[in-house]
Amino acid sequence: MLYGIIAGTGIDRPDTQRRWETIETEYGDAHAAIIEINNQKVVFMRRHGVNMTTPPHLINHTSNMIAMKDYGVKYIFATAAVGSLRKEIEPGSIAIVKDFIDFTRSRNVTIFNKIGDELNHTDFSHPYSNVICEAFLDSADSLGYKIHKSVVYMSVDGPRYETPAEVRMFADWGADVIGMTGAPEAILAKEMGMEYGSIALVSNYAAGISDKALKHEDVIAAVDNSRLNVLNIIETTIISLSNS
């Protein structure tokens, strides 16, 4: 199977039944369903678990990525609900992630973590797949969606939201959006030789940009309003790549 989807918070087709498989890895179990898009079998994962109950800092990214690799996935299409660090990137908008800053501190973010393994230093000049990013942009254009074409993702541990001082610092560093899951996936995918692309769905302004207090239910509501557009972009991209 060439294609895999990792769906973030609230991203799935409504009222869709999935038949979940358990994949055993040396790092723990992963769970996936096999779906079909344009006669292509696609590995589908919910990042936060089958029931979407795993908090971001407890996600087993390594087992998920090993499972994708074991299925034979070459292209991974990920979604991410993010906060905006900039006024011009409005809640409800969609953005293509082109780079990241990894500020995670408590998670395993490499597959090369055993003493005695051959030393590996992976090049990250292009953190996200150029092929997927360009295909996302073409798909969004063909669907008539206006999106932010290139954003930098700040990856933090969570599960708490950021302070206003942290938000100002991250924006000064050059980050545009912020989330709790993006960098570990991107790092592991590249280390394992898989093409990885991410679509960010902007669910809220980060702390200090808006006077409104951040609530998880507001994030879910914002994601719900735009999730079908994100899925349409991914499915159109799979159709495009499978026909090329």
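How do the residues of the lining of the largest pocket divide into nonpolar, polar and charged? The residues are 14 nonpolar, 11 polar and 2 charged, where Ala, Val, Leu, Ile, Met, Phe, Trp, Tyr, Cys and Pro count as nonpolar, Asp, Glu, Lys and Arg as charged, and the others, Gly among them, as polar. This is a predicted model, in which local features need pLDDT of at least 70 and side-chain atom pairs count only at pLDDT 80 or more, while totals for chains, interfaces and linings use all residues. Residues are numbered from 1 along each chain as its sequence is written, and side-chain values use heavy atoms, with hydrogens and water left out.

The volume of the largest pocket is about 470 Å³. A pocket here is an open set of points on a 1 Å grid over the protein atoms alone, where a 1.4 Å probe fits, with protein on both sides within 12 Å along at least five of seven lines; lining residues have an atom within 4 Å of a point. The volume is the space filled by probe spheres set on the points, which are joined across faces, edges and corners. Thr 9, Pro 56, Tyr 161, Met 180 and His 216 are the closest to the pocket centre among the 27 lining residues. At least two lining residues come from each of S5, strand S8 (177-179), S9 and H5, and S5 gives the most, with 4 residues. These labels follow DSSP runs, numbered from the N terminus: helices are H or I runs of at least four residues, and strands are E runs of at least two.

The largest nonpolar core has 64 residues, and Ile 5, Met 65, Ile 76 and Phe 77 have the most contacts inside it. Helix H5 (residues 216-243) gives the most to this core, with 8 residues. Apart from it lies another core of 13 residues, including Val 167, Ala 175, Met 180 and Ala 206. Such a core is a set of buried Ala, Val, Leu, Ile, Met, Phe, Trp, Tyr and Cys residues joined through side-chain atoms within 4.5 Å. Buried means under 20% relative accessible area, exposed over 50%, and partly exposed in between, with a 1.4 Å probe and protein chains only. In soluble globular proteins, nonpolar side chains tend to be buried together.

Met 65 also belongs to the buried part of helix H1 (61-70). Of the 10 residues of H1, 8 are buried: His 61, Thr 62, Ser 63, Asn 64, Met 65, Ile 66, Ala 67 and Met 68. Neighbours within four places in sequence aside, Met 65 is in contact (heavy atoms within 4.5 Å) with Ile 6, Ile 76, Glu 185, Leu 188, Ala 189, Met 192, Met 194 and Tyr 196. After H1 comes Gly 72, whose phi is positive, near 90 degrees.

Strand S9 (residues 195-205) is mostly covered, with 10 of its 11 residues buried. S9 runs parallel to strand S5 (residues 75-84), to which 10 bridges join it; two strands pair if DSSP finds at least two bridges between them. In this pairing Phe 77 stands opposite Gly 197. Strand S6 (residues 94-102) runs antiparallel to S9, with 3 bridges, and Ala 95 stands opposite Ala 200. Ser 84 lies in S5 and is buried, with a relative accessible area of 0%. Not counting residues up to four places away in sequence, Ser 84 touches Ile 89, Asp 176, Val 202, Asn 204, Tyr 205, Ala 206 and Ile 209.

The loops remain. Asn 39, between strand S3 (28-37) and strand S4 (40-46), is not a glycine but has a positive phi near 65 degrees; Asn 39 is exposed, with a relative accessible area of 68%. Met 52, in the loop between S4 and H1, also has a positive phi without being a glycine, about 55 degrees, and is partly exposed at 30%. Phe 124 sits in the loop between S6 and helix H2 (130-143) and is partly exposed, with a relative accessible area of 27%. Beyond four places in sequence, Phe 124 is in contact with Phe 100, Ala 186, Ile 187 and Lys 190. Finally, a cis peptide bond with omega of about 5 degrees joins Gly 158 and Pro 159, and Pro 159 is in the loop between strand S7 (148-155) and helix H3 (164-173).
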